[in-house]
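Me: Got a model here that I'd like to go through. Can we take the strands, then the metal, then a helix pair?

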Amino acid sequence: MEPLNQALAAFALRGAPLYAGRYGSGHINDTYAVACDSGLMYIVQRVNGTVFPKPWELMENIAAVTAFLGRRTADPRRCLRLVPTRDGGPCFVDDQGGYWRAFPFITNSVCLQAPTRPEDFYQSGVAFGAFQRQLADFPAATLHEPIPNFHNTPDRYRKLHQALAEDPLGRAKDCQAEIRAYLDREAGADSIVKGLAEGALPLRVTHNDTKLNNVMLDYDTHEALCVIDLDTIMPGSALYDYGDSIRFGAATAAEDERDLGRMGLDLELFRTYTRGFLSACGDSLTERELRMLPVGARLMTLECGVRFLTDYLSGDTYFKISREGHNLDRARTQLRLVEDMERKWKEMEQIVKEVRA
Ligand code: ADP
Ligand code: GN1
Ligand code: MG
């Protein structure tokens, strides 16, 4: 039997499946929408075993977090739930070793690739803020790390130094100015990791892929319903999730824009997201976390740039590229964004203050 059909038979779906088709525009997993004769719909997904070499760890994370959220949220549209297998397990392994999971389809919802208006970005802040608040007393240290050291910025710098030392394709000579600019910013890049290690920042559940397309909104009102795509949940800092949303969503240009003059921080979008995020979780963050929100935005941008530069120097082995120098272009936009944040630092701090007031 085809792995998909094995999976459809394995999960405790209500009714017999009438239809199963590829669904959505995720880049990682194989996602199917399934319609049953009961009238119910499901999402059935095969986990990408290359990106996630230990899928059982990631499934244990998802099972623990969704069970915890489910106990706090009665509305099924406001929290992702796992459909168990017929023998009560959280996932199914097909005869080729593929890991599958199933979720009830979130009805009357939409998942946007880009905001249709600033309010959509606000609502994604509400969704990720609510996720933080609801998980504030989850024992984060019990979670696995599907990708170890994911947001360990000093470790990302260590990898950059290694790539520079090896320089396998002789590319370092083409980007001396960028290398210098990134290395100039290495001091202080440990502020979140250090804060976590010293206990000054609390260890929390982090999502780690806080883009708009991992949030379900109500189809009619575009109001936030819930966060999806829980593959990269790990223990970490709330500043990671907030920071990465700003890096991606409050930038004035795409991550791979070649015209660097177009890249910068949109302070109004920064305010919009911060308002949404804090409206949902402001009271569960500590004073230090709140003060460090701009630090989170800058460090996540810096770190992502370091990763792009490292991948460029190493021969583009991690991030998919579709043109020569694609990763260097990305490293350049991130640097531009960091520089613009440094220029607008006082305004960023002021906006956080105003939103908190
Ligand atoms: P990927 O890791 O590949 O991005 P996602 O878990 O984000 O996978 O799912 C891919 C797409 O499937 C989402 O962008 C969304 O459109 C849709 N989707 C996922 N889960 C649900 C759900 N429970 N209800 C409705 N749509 C969903
Ligand atoms: C990757 O797969 P995608 O595009 O959602 C990366 C993120 C980076 C992002 C940069 C698992 O995310 O950490 O911020 O690219 N995800 C992983 O575009 O490495
Ligand atoms: Mg996704």
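Me: In β3, what is the bridge partner of A33?
Reply: I43. This is a predicted model: local features need pLDDT of at least 70, side-chain atom pairs count only at pLDDT 80 or more, and totals for chains, interfaces and linings use all residues. Residues are numbered from 1 along each chain as written, ligands from 1 in the order written, and side-chain values use heavy atoms, without hydrogens and water.

Me: In which sense do β2 and β3 pair?
Reply: Antiparallel, over six bridges, with β2 at 30–36 and β3 at 41–46. Strands are DSSP runs of E, at least two residues, and helices runs of H or I, at least four, numbered from the N terminus. Pairing takes at least two DSSP bridges.

Me: And the hairpin: which residue takes a positive phi?
Reply: G39, near 90 degrees. Four residues lie between the strands.

Me: Switching to the metal. Which protein donors does the magnesium ion (ligand 3) have?
Reply: N214 (OD1) and D229 (OD), 2.2 to 2.3 Å away. N214 is in the β7–β8 loop and D229 in the β9–β10 loop, so the pair ties together parts 15 residues apart in sequence. Donors are N, O and S atoms within 2.8 Å of the metal (3.2 Å for Na, K and Ca); water is not among the atoms, so sites may look incomplete.

Me: N214, buried or exposed?
Reply: Buried, at 5% relative accessibility. D229 is partly exposed at 26%. Buried is under 20% relative accessible area, exposed over 50%, partly exposed in between (1.4 Å probe, protein chains only).

Me: Last one: which residues of α11 meet α12?
Reply: M341, E342 and R343 meet W345, E347 and M348 of α12. Contact means heavy atoms within 4.5 Å.
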